[in-house]
Amino acid sequence: MRPHLFFIQLFSEVLLIATKELQINEEIRDREVRVITDDGEQLGVMTSSEALKAAQYRSLDLVKIAPQAQPPVCKIMDYGKYRFDRQKREKEAKKNQKVIEIKEVQLSLNIDTHDLETKVNHALRFLKAGNKVKVSIRFRGREMVHPERGYEIMQSFAEACSEVGTVEKPAKLENRNMLMFLAAKAAK
């Protein structure tokens, strides 16, 4: 076999394994399997060829649902309908999940009161939208000598946002940055 043909064959097998989810019909190669019908009735343990004949008799598919069991469990069902229903459930679950973003508000050590109020208003808007807020102060140069000023600014910021949000992680100095996280209060 030529090397490039071997690579193509190997690649197609890897692709087949990656896209395969459950073994169905002729793909089931186990000697014995436990068979269940689509309405939950147990047909017992039989050879895979007998199980396939039973599925074909009902004009349905034989699907291996529990390969790790001894013997593996196969179910007689309409595989196309099963895949459609599963995709529909996944799509519905994805639609119902809520994504929470983390918005950042940057402050400075020498912030004025009006600028602080503006930043508080931004944070309140983010919290009302259901997002989390990361509040940061970057210390530059000799500002590192006064970390207590940073804690005071963070404390006043948290108090100003206390109606809508709560402090999730209190202010903490990490290198030249002081960080605090706020989260929206739970609706009552």
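How many salt bridges does the rule give? The count comes to 6 salt bridges, a salt bridge being a side-chain nitrogen of Lys or Arg within 4 Å of a carboxyl oxygen of Asp or Glu.

1. Basis. This is a predicted model, where local features need pLDDT of at least 70, side-chain atom pairs count only at pLDDT 80 or more, and totals for chains, interfaces and linings use all residues. Residues are numbered from 1 along each chain as its sequence is written, and side-chain values use heavy atoms, leaving out hydrogens and water.

2. Glu168 forms a salt bridge with Lys132, with the closest N and O atoms 3.1 Å apart. Glu168 lies in strand S7 (residues 165-174) and Lys132 in strand S6 (residues 132-138), so the pair ties together parts that are 36 residues apart in sequence. Strands are DSSP runs (E, at least two residues) and helices likewise (H or I, at least four), numbered from the N terminus. Glu168 is partly exposed at 39% relative accessible area. Lys132 is partly exposed at 25%. The class lies between buried (under 20%) and exposed (over 50%), with a 1.4 Å probe and protein chains only.

3. Helix H3. Glu92 bridges to Lys95, closest N and O atoms 3.8 Å apart. Both lie in helix H3 (residues 79-96), 3 residues apart, about one turn of the helix. Lys95 is exposed at 60% relative accessibility.

4. Helix H5. Arg149 bridges to Glu152, closest N and O atoms 3.7 Å apart. They are 3 residues apart in helix H5 (residues 147-160), about one helical turn.

5. Charge over ring. The charged end of Lys169 sits over the ring of Phe181, 5.3 Å from its centre. The rule asks for NZ of Lys or CZ of Arg within 6 Å of the ring centre and within 35 degrees of the ring normal.
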